[in-house]
Amino acid sequence: MTESQEVSPVSPDAAPAVVEPTVEEARQELTADSMPLLQVVEALLFSTDIPLSPGKLAETVGIDSTKPIKQIIEQLNTGYAERQAAYRIEERAGGFQLLTLPQYAEYIERLVKKKDEGRLSPAALETLAIVAYKQPITRAGIEVIRGVACGEMLRTLMEHNLVKIVGRAEEIGRPMLYGSTRYFLEVFGLGNIRDLPKSDALKEPK
């Protein structure tokens, strides 16, 4: 080594260079088992028949934020649309669910062959509509609107998990109050109860 050559001293405390992970590497590290987040979320939605909330999905894959979950769902839907898939991810009852597109409903009905006994009568549907729009409401309140007794209809709706008891009214006798269930939102494709179609006939009187 000549006198003109100098060696720069290296401090023992100098930190080593940090190599930033790529976007794909960061995405893979999001899950506990280092599986790609997009495929994990898609697998979870394929495996369930109920809506999964962003929080539940985030907890399941082992991350602290729901933002990546929502981004992944958008990315999945974009991919489905590009390849003209027969399904997409929809928001239902406060969560996300993988559903077939409406144009395939006729073919699915042919396969499923829904049983007649599983269908609600017009009277039950009328009672359900009153509960949905006026909840929380007592049995007496429903009967005032319908003009007939509705005890049997309420029992039927509760057996179908469409209506539930949500409390008791602050009046003489403390009658039970009825309201709709989360399953009701799933069946009718609603994100929440505020998504119900507006109905002048069921508006509160002024």
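A polar contact is a pair of N or O atoms within 3.5 Å. The structure discussed here is a predicted model.

Q: What makes the pairing of the R146 and E126 side chains a polar contact?
A: The distance between them is 3.0 Å. The cut-off is 3.5 Å, and one atom must be able to donate a hydrogen and the other to accept it. The pair therefore counts as a polar contact.

Q: Why is R146 called buried?
A: Its relative accessibility is 18%. Buried means under 20%, so R146 falls in that class.

Q: Where does R146 sit, and which residues does R146 touch?
A: R146 belongs to helix α7, residues 139–146. Leaving out residues up to four places away in sequence, R146 touches A123, E126, T127, I130 and M153.

Q: What angle do helix α2 and helix α4 make where they pack?
A: The angle is about 80°, and the axes lie 10 Å apart. Helix α2 covers residues 37–47 and helix α4 covers residues 67–82.

Q: Why is α2 called roughly perpendicular to α4?
A: Angles of 65 to 115 degrees count as roughly perpendicular. The value of about 80° lies in that range, so the term applies.

Q: Which residues make this contact?
A: From α2 come L37, L38, V41 and E42. From α4 come P68, I69, I72, I73, Q75, L76 and Y80. By class, the contact has 9 nonpolar, 1 polar and 1 charged residues.

Q: How many helices and strands does the protein chain have?
A: The protein chain has 9 helices and 5 strands. Of its 206 residues, 30% are buried.

Technical notes. Residues are numbered from 1 along each chain as its sequence is written. This is a predicted model: local features need pLDDT of at least 70, side-chain atom pairs count only at pLDDT 80 or more; totals for chains, interfaces and linings use all residues. Side-chain values use heavy atoms; hydrogens and water are left out. Axes are lines fitted to C-alpha atoms, for helices over the stretch in contact, and angles run from 0 to 180 degrees between N-to-C directions. Helices (H or I, at least four residues) and strands (E, at least two) are DSSP runs, numbered from the N terminus. Angles under 35 degrees count as roughly parallel, over 145 as roughly antiparallel, 65 to 115 as roughly perpendicular and the rest as oblique. Contact means heavy atoms within 4.5 Å. Ala, Val, Leu, Ile, Met, Phe, Trp, Tyr, Cys and Pro count as nonpolar, Asp, Glu, Lys and Arg as charged, and the others, Gly among them, as polar. Buried means under 20% relative accessible area, exposed over 50%, partly exposed in between (1.4 Å probe, protein chains only).
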